Amino acid sequence: MAQQPGKNGSDPASRTTLHIDKIVRALPARRGLTASLKQYQGHWFHDHVVPGIISVQEKFRAKSDQIVLASFPKSGTTWLKALLFCLVNRSRYDFGHGGRSSPDNPLISSNPHACVPFLEIHALAHLDDPNPDSPILSSHLPHSLLPRSVVESGCKIVYVMREPKDVLVSLWMFAEKAWKGTSTSGLDAAVDMFCDGFVHGGPYWDHVVGYMNASLKSPDTILTMTYEDLMERPVHNVKRLADFIGQPFSTAEEDQGVVEGIVSFCSFDKLSNLEVNKTQLTSVEGISFAIPNDTFFRKARIGDWETHLNDEKRERLDDITRRKFKHIDGLSHYSGSTSD
């Protein structure tokens, strides 16, 4: 049965759009690395994403068995999406263990971002019902902006963080490549914007502290991981992920090499060399542009910032990190001058 229009002649979806547009128009705005930013509830976001954020906050209904991967942009999101997808679907597909690999595995024909939808991006095309039918979701939202249902449902949240200097360099390089040089100025401008919080999801340090503090209060529902530890101990951390989401590996799976198979399949070399990630684009419903998949795979290195940041820039970032993270256990290594 078709929906009846409201008294003002518009259907419910149209009223949702008008309601959100009114909120967005009133928000502070400024230029970012690649697009205009809007300040919403204390953080800056690409202006075209803000309607999705508002829709999600008002209308998303989390399920207790869903998994939400949260991250600041360029902190390892693509990699974690692939790992979580493999963990949840390992009974459906082979991921290379024992020399086998399922030809119908979606990660072979689709970018990880297509397999695990961004909650606020999906909402852009579904403002009145932003509820994707997926067991795993992703978000760049700070913890304070998550929909209330995510927190109240008890669903599992996995948060991955990364050395801020590497995040900055990766953001800048992504902007230069994805938007083909249309980003604002160069690295100096990128450093200024990052330090001042004028990047999508920023300020970076507030984003990390919010999830770290929340995980201390709710360790059963929020797991924090670092990109660096994942790189150094991938098998250990994949087991940790599986335990946390309530799908631990059986002894038989470990004996069959399932853990190592997933780690190998999701490696940078494997994923970046798949044809889908070398030559195709990711188009998102509700957004007018597409991003080349190869921009999501750059170097996957710890400490690449050393190639790009001089001592002055490094110390500026480290000083902010020391101040912002001084009360957060386990993050002191992010304020040093080396990548060790």
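**A walk from the sheet outwards**

Helix α12 (residues 234-244) lies across β6 and β7, running at about 170° to β7. Contact here means heavy atoms within 4.5 Å, and the angle, on a scale from 0 to 180 degrees, is taken between N-to-C directions of lines fitted to C-alpha atoms, for helices over the stretch in contact. Helices (H or I, at least four residues) and strands (E, at least two) are DSSP runs, numbered from the N terminus.

Before going on, a word about the model: it is predicted, so local features need pLDDT of at least 70 and side-chain atom pairs count only at pLDDT 80 or more, while totals for chains, interfaces and linings use all residues. Residues are numbered from 1 along each chain as its sequence is written, and side-chain values use heavy atoms, with hydrogens and water left out.

Four strands form an open sheet in the order β5-β4-β6-β7, with parallel pairing; two strands pair if DSSP finds at least two bridges between them. At the edges stand β5 and β7 (222-226), each of which pairs on one side only. On average, neighbouring strands of this sheet are turned by 20° against each other, direction ignored. Between β6 (residues 156-161) and β7 there are five bridges, and the two strands run parallel. Here Ile157 stands opposite Ile222 in β7. Another helix, α3 (residues 77-88), lies across β4, β5 and β6 and runs at about 165° to β4.

Have a look at Ser71, which lies in strand β4 (residues 67-71). Ser71 counts as buried because its relative accessibility is 0%; buried means under 20% relative accessible area, exposed over 50% and partly exposed in between, with a 1.4 Å probe and protein chains only. Leaving aside residues up to four places away in sequence, Ser71 touches Thr77, Ser139, His140, Tyr159, Val160 and His207.

Next, follow the chain to Pro130, in the loop between α6 (119-122) and β5 (136-139). Pro130 also counts as buried, because its relative accessibility is 0%. Its C-alpha atom is separated by 8.0 Å from that of Glu120, 10 residues apart along the chain. Beyond residues up to four places away in sequence, Pro130 touches Ser55, Val56, Lys59, Phe60, Leu119, His122 and Ala123.

Lys59 turns up again among the contacts of Thr16, which also touches Leu127 and Asp128, not counting residues up to four places away in sequence. Thr16 sits in helix α1 (residues 12-25) and is buried, with a relative accessible area of 7%. A polar contact of 2.5 Å joins its side chain to that of Asp128; such a contact is a pair of N or O atoms within 3.5 Å, where within protein one must be able to donate a hydrogen and the other to accept it, and residues adjacent in sequence count only if both atoms are side-chain atoms.

A hairpin comes next: β2 and β3 have two residues between them, and Gln41 in the turn has a positive phi of about 50°. Four bridges join β2 (residues 36-40) to β3 (residues 43-46), and the strands run antiparallel. Gln39 has Trp44 in β3 as its bridge partner.

Our last stop is helix α17. Its buried residues are Lys313, Arg314, Leu317, Asp318, Ile320, Thr321 and Phe325. They cover an arc of only 160° around the axis, so they lie on the same side of α17; the arc is that of the directions from the helix axis to the C-beta atoms. On the other side of α17, Asp311 and Glu312 are exposed.
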